[in-house]
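Here is a quick tour of one model, meant to be read with the structure open beside it.

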Amino acid sequence: MDAVNSVLKQSADRELYEVIVVKNFKDFTIDRFLENHDVVNLFLDSTSGGEKFVAGITRASGEIISFLDDDDLFDENKIEYVIRIFSNGNLGYFHNGMNIRDKEGEPLRISRPGPVKEPLIVRDRLAGNSISLMLQRGAWFNSSSISLRKEIIIPKIDILGKIKAVTDSFLFYATLMTDFTILMDPVRLTYYRVHNSLSNFSGEFENFASAKTYLYRRSLQDFLAITQMLENSPYSEYSLSEASRTKFQLGSVADYPEFRPTIVDFIRFFKMPGHIGLSGAIHLMAAYVVSIFNRGRAVKMLYNIESKRFRAAKS
């Protein structure tokens, strides 16, 4: 309930925004709380992130959508800031900075992936290295930091419903296909909690490989769907690069012959390593090569890298 409370306790007038919760369970206490606080409560028997997004977006009556994962929190000034920033009629996509915490709420020194030190405004995506810069700085990362115009998503709502893992990336790529301005702002309006989810380090080696395999398989299928959406556009090469990276990630922890990376994936990935950078690409490639001969050792390598980074962040 912390996430919902952070939205209810905003500096903005409550009449200026609606709150919609989409969940896959029923709980009398929670449901009664939501009803008493005028929160739209939608039940959806699904674990798909895309299907939950579709349910909430189609129910929303406003023009601007701000997303919040149930593990994260909004700063008390978030909605007021979003309302003000979108008064610029051509702004379509807004990504704010975040305070990163562990599951107990203690601050972590992790850059995810950025960080952005000053506002980045992109009007012409094809000018210079704008897209690469946005990918490197994490314009796609963490849906709890993303706000966008509903009209961007509605024409692609059927595709969003098929996205299971990388809903945040979908929102970013869908925006690229419009003429709306994109703004990345370092102002920290979201509390992002690193927790025992599939996309974060769990600390348990026994579950590491299976959790990563599940995540990477779903992510790869998502990026291929996004690439299909971007077909014949100048943006498809970026999602293809992300699909190639995910093939190497999946291949490092499990063997799926139909998803084994090719030499084309190798070239594509190193040409556009994206947010993980050249150093991250080299580490991933090393793990993949090791996995060809000893997958258990490769999994241990990746586990140790994440474990070391997580311990450093807490120190």
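N232 is exposed, with a relative accessible area of 79%. You'll find N232 in the loop that runs between α9 and α10. Its backbone is worth a look: phi of N232 is near 70°, a positive value in a residue other than glycine. Most residues other than glycine have a negative phi. Bear in mind throughout that this is a predicted model.

D38 is another case, with a positive phi of about 60° although it is not a glycine. D38 sits in the loop between α2 (28-36) and β2 (40-43). Is D38 buried or exposed? At a relative accessible area of 62%, D38 is exposed.

## Salt bridges

How many salt bridges does a search of the whole structure find? The search turns up 6 salt bridges.

E242 pairs with R245 in a salt bridge, and their closest N and O atoms are 3.2 Å apart. The two residues are 3 apart in helix α10, so about one helical turn separates E242 from R245. E242 is buried at a relative accessible area of 6%, and R245 also counts as buried, at 8% relative accessibility.

K247 forms a salt bridge with D265, with 3.3 Å between the closest N and O atoms. K247 belongs to helix α10 and D265 to helix α11 (residues 263-271), so this pair ties together parts that lie 18 residues apart in sequence. K247 is buried, with a relative accessible area of 18%; the cut-off for buried is under 20%. D265 is buried as well, at 3%.

D265 has another partner: the side chains of R268 and D265 meet in a salt bridge (3.4 Å, N to O). R268 and D265 are 3 residues apart in helix α11, which means about one helical turn lies between them. R268 counts as partly exposed, with 24% relative accessibility. Put together, salt bridges with shared partners join K247, D265 and R268 into one network.

## How α8 sits against α9

Two packed helices are described by the angle between their axes and the distance between the axes. For helix α8 (residues 167-176) and helix α9 (residues 205-229), the axes come within 11 Å and cross at roughly 10°. That makes α8 roughly parallel to α9, because angles under 35 degrees count as roughly parallel.

Which residues in α8 meet α9? They are S169, F170, Y173 and A174, and on the α9 side the partners are F223, I226 and M229. Sorted by class, the contact has 6 nonpolar residues, 1 polar residue and no charged residues.

## The buried face of α5

In helix α5 (residues 130-137), the buried residues are S130, I131, M134 and L135. Look down the axis of α5 and these buried residues fall within an arc of 130°, so they line one face of the helix.

What covers the buried residues of α5? The cover includes β6 (120-122), α8, β8 (181-194) and α10 (236-253). Just after α5, G138 takes a positive phi of about 85°.

I292 is in helix α12 (residues 277-293). At 55% relative accessibility, I292 counts as exposed. How far apart are I292 and S252, in sequence and in space? The two are 40 residues apart in sequence, and their C-alpha atoms are 8.0 Å apart in space.

D71 has its place in the loop between β3 (64-66) and β4 (73-74). D71 is partly exposed, with a relative accessible area of 27%. If you pick out D71 and G280 together, you have a pair 209 residues apart along the chain, with 27 Å separating their C-alpha atoms.

Notes
Residues are numbered from 1 along each chain as its sequence is written. This is a predicted model: local features need pLDDT of at least 70, side-chain atom pairs count only at pLDDT 80 or more; totals for chains, interfaces and linings use all residues. Side-chain values use heavy atoms; hydrogens and water are left out. Axes are lines fitted to C-alpha atoms, for helices over the stretch in contact, and angles run from 0 to 180 degrees between N-to-C directions. Helices (H or I, at least four residues) and strands (E, at least two) are DSSP runs, numbered from the N terminus. Angles under 35 degrees count as roughly parallel, over 145 as roughly antiparallel, 65 to 115 as roughly perpendicular and the rest as oblique. Contact means heavy atoms within 4.5 Å. Ala, Val, Leu, Ile, Met, Phe, Trp, Tyr, Cys and Pro count as nonpolar, Asp, Glu, Lys and Arg as charged, and the others, Gly among them, as polar. Buried means under 20% relative accessible area, exposed over 50%, partly exposed in between (1.4 Å probe, protein chains only). The arc is that of the directions from the helix axis to the C-beta atoms. A salt bridge is a side-chain nitrogen of Lys or Arg within 4 Å of a carboxyl oxygen of Asp or Glu.
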